[in-house]
Amino acid sequence: MSGPSTSKSVNIDSSKPLALIAELTHRCPLRCVYCSNPMELSLRESELPSAVWTRVFREAAALGVLHLDLTGGEPLVRPDLIELIGAGRSAGLYISLITSGLPLTESKLAALVEAGLDHVQLSFQGATAATAHEIALTTSHGHKLHVLQWLRKHSIGVTLNFVIHRRNIHELEQMIALVEDYQPGCAEFASVQYYGWAFANKEALLPTRAQVDHCVETLQSAQIRLKGKTRVIFVVPDYYAKYPKPCVGGWGRKLMLVSPDGFVLPCHAARIIPGLPFDNVKEKTLADIWESSEAFCRFRGEDWMKEPCKSCSRRQEDFGGCRCQAFLLTGDAFSTDPVCSLVPTRAQVDVTLAAINAKIPCGPEEPPRYVYRKTCK
Amino acid sequence: MKPNHNAIPRLAPGVRLGDNDRQPKILLMPERALRLNGPSFEILRLCDGQNSVLGIAEKLQAAYPAADPQQILNDTIDYLAALRDERAIDF
């Protein structure tokens with residue numbers, strides 16, 4: 001996940017990726033309504049075997065990658081997770097596990113740490129069991145609180161990740177209380193970004209402007225209170241921003257994502273862009289793909305940009321914003337991200353926001369009819 | 001919060017120095033990495049749970065004999081405070 005922190009990251013050699021996101025599987029016990037997996041999920045039979053992942057981790061390290069994020073779906077469902085952590089660590093990578101905590105046991109956690117795990121990012125769907133169930137259609141909240149107790153026994157990095165939206169934003173104070181009680185190194189309050197499953201649930205999930213303002217204010221005071229204990233990061237919903245986010249730190253600039261079946265993508269959502277061909281680690285090396293794959297070259301640098309991006313003074317800061325959002329909202333992946341207030345297509349974002357903000361919630365809303373993420377066998 | 005002279009800084013959980021020649025003078029942290037220039041690398045290498053703040057400043061003095069001792073101590077304290085706010089170290 002890209003947050004404000006990425007500006008602090010080093011680029012030892014700006015032509016090399018810094019992070020590899022390994023989507024080990026799309027299987028997951030949770031069915032979150034904003035899942036970042038594609039709507040067409042990879043099946044278990046097509047998942048890369050351990051030996052291929054091991055080779056990919058070595059190739060990544062040789063390419064200059066520092067961080068390996070093991071994610072999914074739920075990476076814990078992979079029976080070879082301990083072996084994969086060991087393989088990543090032997091390759092010289094810093095290993096993070098991005099997890100819901102389901103299905104984790106105390107002894108499994110100890111084995112993962114023993115294998116070389118550096119950092120766990122534990123996701124929360126809310127501050128209460130009821131809200132978490134509404135979002136993920138799975139009973140998981142109580143188990144996550146157990147996982148927190150087990151994590152206390154190990155000297156590894158811990159990030160608590162709260163995905164924020166209209167249906168849980170009222171629990172923000174309780175989420176912060178959980179952070180204050182546990183005091184992880186980092187707490188991320190990441191607003192839902194609207195692609196794939198989240199895009200299908202946009203009407204239900206987009207918060208109102210008043211909610212976002214309250215959230216910013218509350219988190220700013222938490223940041224001050226927790227200084228020196230927990231780094232508090234807030235990612236605003238970009239629909240409410242004036243300029244686009246520098247999506248994935250710029251296309252093909254900092255990270256690579258490998259899907260469960262071996263396709264290499266510049267970002268989580270890149271598959272939604274039509275006509276973009278992706279290479280597979282089963283056929284090519286990561287270095288080859290990074291340097292010459294059509295998918296990585298298409299929007300790398302500035303040559304692809306149209307006006308107003310092409311001559312904009314912000315083009316080195318936000319790289320024209322998100323290509324996937326540009327496609328989703330305008331039908332043209334080469335256009336400026338319509339979150340940008342400098343383009344006429346911004347009107348479309350404003351229409352969506354006006355509709356959300358016109359609905360003044362008086363008392364608790366009824367749970368919406370969500371499109372839940374599909375289960376994946 | 002600034003550390004006192006006897007505090008013993010150590011790397012925070014999940015933080016370690018790059019341990020191979022592809023990661024020279026890099027501090028690896030959850031979701032980010034810091035490039036360490038000049039004395040910052042020396043300071044972090046000494047944040048091993050053995051050295052006090054005064055001890056770190058003394059060792060830096062040995063490496064930079066021409067520098068003013070009070071300046072070295074003050075700069076070390078400020079840098080350690082900043083590293084703690086970044087959650088890179090505890091003391």
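1. Ground rules. Keep in mind that this is a predicted model, with local features needing pLDDT of at least 70, side-chain atom pairs counting only at pLDDT 80 or more, and totals for chains, interfaces and linings using all residues. Residues are numbered from 1 along each chain as its sequence is written, while chains are lettered from A and ligands numbered from 1 in the order in which they are written.

2. The sheet. Chain B has an open sheet of three strands, in the order β2-β3-β4, and the pairing is antiparallel. Strands here are DSSP E runs of at least two residues, helices are H or I runs of at least four, and both are numbered from the N terminus; two strands pair if DSSP finds at least two bridges between them. The edges are β2 (16-17) and β4 of chain B, each pairing on one side only.

3. β2 against β3. Two bridges join β2(B) to the antiparallel β3(B). B:Arg16 has B:Leu28 of β3(B) as its bridge partner, and B:Leu17 sits opposite B:Leu27.

4. β3 against β4. This antiparallel pair is joined by four bridges, with B:Leu27 partnered by B:Leu34 in β4(B). The two strands make a hairpin with two residues between them, and in that turn B:Glu31 has a positive phi of about 65°.

5. Faces of β3. In a regular strand the side chains alternate between the two faces of the sheet. From β3(B), B:Ile26 and B:Leu28 point one way, B:Leu27 and B:Met29 the other, and all are buried (20 or more other C-beta atoms within 10 Å of the residue's own; exposed means 12 or fewer, partly exposed is in between, and C-beta atoms are placed from the backbone).

6. The contact with chain A. Chain B puts in 19 residues and chain A 23, where contact means C-beta atoms, placed from the backbone, within 7 Å. On the chain B side, the elements giving two or more residues are β3 (26-29), β4 (32-35) and α3 (69-85). β4(B) gives the most, with four residues. That side divides into nine nonpolar, three polar and seven charged residues (nonpolar: Ala, Val, Leu, Ile, Met, Phe, Trp, Tyr, Cys and Pro; charged: Asp, Glu, Lys and Arg; polar: the others, Gly among them).

7. A glycine in chain A. A:Gly249 is in the loop between β7 (231-235) and β8 (255-258) of chain A. A:Gly249 counts as buried because it has 20 C-beta neighbours inside 10 Å. A:Glu317 is 68 residues from A:Gly249 in sequence and 8.8 Å away in space, C-alpha to C-alpha.

Technical notes
Two residues are in contact if their C-beta atoms, placed from the backbone, lie within 7 Å.
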